[in-house]
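Let us read this structure together through a set of questions and answers. Please keep the sequence and the model in view as we go.

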Amino acid sequence: MKRLNKTILTRRIKAVLGSSEGASIILVTIISILIITAVIILRITTSSLWASAGKQYNQDKAYMMATTLGESIDDLLNSGKLTDLTTMNGKSETVEGADVTIAVVENGDYYTLTVTSTVAGSVYQYKAVYKIVRGSYMRVG
């Protein structure tokens with residue numbers, strides 16, 4: 001009896017695979033595997049792109065905060081509204097999730113302004129070098 005069931009099952013499998021119905025089952029299985037694989041690859045790629053976009057956003061925000069403040073200080077120096085750059089040394093502020101600090105290093109007649117902005121681990125530094133010429137600051141680098 002067991003041998004008979006096995007023989008019947010074997011014949012049935014051969015009949016299904018030999019007919020167009022068997023080819024359809026194999027084709028559907030292959031297409032399903034391809035679709036599932038494509039979905040998994042798209043999911044991984046999308047996750048990677050979102051993570052990269054978030055990191056780039058933080059880097060861009062750190063850049064914008066540092067350069068905006070640095071250029072504002074430069075404008076204040078050029079217009080004469082800020083007459084002593086050393087008064088800015090050590091100032092620190094948290095603005096829109098960015099930690100911004102100002103450092104001024106004096107070396108003779110030269111002053112190096114460094115504005116550092118940190119946003120979620122992304123750091124950007126804006127640097128400018130000034131020289132005192134006839135009592136006012138002139139940017140040299």
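**Strands, core and pairs**

Student: In the hairpin of β3 and β4, which residue in the turn has a positive phi?
Tutor: This is a predicted model, in which local features need pLDDT of at least 70, side-chain atom pairs count only at pLDDT 80 or more, and totals for chains, interfaces and linings use all residues. Residues are numbered from 1 along each chain as its sequence is written, and side-chain values use heavy atoms, with hydrogens and water left out. Helices (H or I, at least four residues) and strands (E, at least two) are DSSP runs numbered from the N terminus, and β3 and β4 form a hairpin with 2 residues between them. The residue in this turn with a positive phi, of about 45°, is Ala-120.

Student: How many bridges join strand β3 to strand β4?
Tutor: Two strands pair if DSSP finds at least two bridges between them. Strand β3 covers residues 110-119 and strand β4 residues 122-133, and they run antiparallel, with Val-119 standing opposite Ser-122. The number of bridges that join them is 10.

Student: Which residue stands opposite Val-133 in β5?
Tutor: Strand β5 (residues 136-139) pairs with β4 in the antiparallel sense over 4 bridges. The two form a hairpin with 2 residues between them, where Arg-134 in the turn has a positive phi of about 50°. Opposite Val-133 stands Ser-136.

Student: Is Tyr-124 stacked with Tyr-63 or edge-to-face?
Tutor: Rings of Phe, Tyr and Trp (its six-membered ring) pair if their centres lie within 6.5 Å, and planes under 30 degrees apart count as stacked, over 60 as edge-to-face and the rest as tilted. The structure holds 3 aromatic pairs. In this one the ring centres are 4.9 Å apart and the planes stand at 75°, so the pair of Tyr-63 and Tyr-124 is edge-to-face.

Student: How far apart in sequence are the parts that Tyr-63 and Tyr-124 tie together?
Tutor: With relative accessibility of 38%, Tyr-63 counts as partly exposed, and Tyr-124 is also partly exposed, at 30%. Tyr-63 lies in helix α2 and Tyr-124 in strand β4, so the pair ties together parts whose separation in sequence is 61 residues.

Student: Which residue forms a salt bridge with Arg-139?
Tutor: A salt bridge is a side-chain nitrogen of Lys or Arg within 4 Å of a carboxyl oxygen of Asp or Glu, and a search of the whole structure finds 1. The closest N and O atoms of this pair are 3.9 Å apart, and the partner of Arg-139 is Asp-74.

Key: Buried < 20%, exposed > 50% of the residue type's maximum accessible area, 1.4 Å probe, protein only.
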